[in-house]
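Biologist: I would like to go through this model and ask what stands behind the labels. Please give the value and the cut-off each time.

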Amino acid sequence: MNDLAATAIAVLGWAGALVSLATYIMVTRQRLATDTVRYQVLNMTGAALLGVSALANGALPSAVVNVIWVGIGVVAVLAMKRAFLARRLSAGARRQRELARAGRARLVAGRERWTALARRRGSGHLAHARPGQLRRRPRQPGSSRPAGRRTERTLRRRTTSTVA
């Protein structure tokens, strides 16, 4: 190995050692939590750089341990990602349920408001229609609306209620 390559590998090894030490110092001073992705990335970076240096210098046991250390970091980051996605999906599902519940409540309140308004007026097709009554009526030709909404009985009610 030439001098430039040996120097580069030594610099990588020292950089890995500094990253590992800085990470350890930040954890002990509580500036970095161990359950964060940043901690895992710093740990993996230090281990990878130390592993490259150890492998190049023929320190096989140290190189293997650092490769295992990087593998543990990768598994930890993937587990954190899965947990994050699960929390996000569950929060989205919870929000969808809340929105659906609020929509149903608004729908029921609106229906009750219109029914009360029709009862107060005493006229209109809601005042005398039982649930499903309009659905059983035949449709107007070429339309989806029920035929014969204004029957003689409805017209009689209207004339008697306006006179009285």
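Modeller: Helices here are DSSP runs of at least four residues, numbered from the N terminus. On that basis the elements of the chain run α-α-α-α-α, that is, 5 helices and 0 strands. Keep in mind that this is a predicted model.

Biologist: Why is serine 53 called buried?

Modeller: Its relative accessible area is 12%. Buried means under 20%, so serine 53, at 12%, is buried. Serine 53 sits in helix α2, which covers residues 37–56.

Biologist: What is serine 53 in contact with, leaving aside its neighbours within four places in sequence?

Modeller: With Ile9 and Gly13. Contact means heavy atoms within 4.5 Å.

Biologist: Why is alanine 22 called partly exposed?

Modeller: Alanine 22 has a relative accessible area of 36%. The class lies between the limits of 20% and 50%, and 36% falls there, so alanine 22 is partly exposed. Alanine 22 belongs to helix α1, residues 3–28.

Biologist: How far apart are the C-alpha atoms of alanine 22 and glycine 46?

Modeller: They are separated by 9.5 Å, while the two residues are 24 apart along the chain.

Biologist: And why is isoleucine 68 called partly exposed?

Modeller: The value for isoleucine 68 is 49%.

Biologist: Which residues form the nonpolar patch on the surface?

Modeller: Leu55, Leu60, Val64, Ile68 and Ile72. Together they have about 490 Å² of accessible area. Helix α3, residues 60–121, gives the largest share of the patch, 4 residues.

Biologist: What makes the other patch positive?

Modeller: That patch is formed by Arg94, Arg97, Arg101 and Arg104. Arg counts as positive, so the patch is called positive. One of its members, arginine 101, is found in helix α3.

Biologist: How much of the whole chain counts as buried?

Modeller: Of the 164 residues, 16% do. The accessible surface of the chain comes to about 12,700 Å², and 62% of that belongs to carbon and sulfur atoms.

Biologist: What share of the contacts between residues at least 6 apart in sequence joins residues at least 24 apart?

Modeller: For this chain the share is 46%.

Technical notes:
Residues numbered from 1 in each chain as written. Predicted model: local features only at pLDDT ≥ 70, side-chain atom pairs only at ≥ 80, totals over all residues. Heavy atoms only, no water. Helix = DSSP H or I, 4+ residues; strand = E, 2+ residues; numbered from the N terminus. Buried < 20%, exposed > 50% of the residue type's maximum accessible area, 1.4 Å probe, protein only. Patch = residues over 30% accessible without salt bridge, like charges linked within 9 Å, V, L, I, M, F, W, Y side chains within 5 Å. Areas by Shrake-Rupley, 256 points an atom, 1.4 Å probe, with all protein chains shown as cover. Salt bridge = Lys/Arg side-chain N within 4 Å of Asp/Glu carboxyl O. Charge placed at Lys NZ, Arg CZ, Asp CG, Glu CD.
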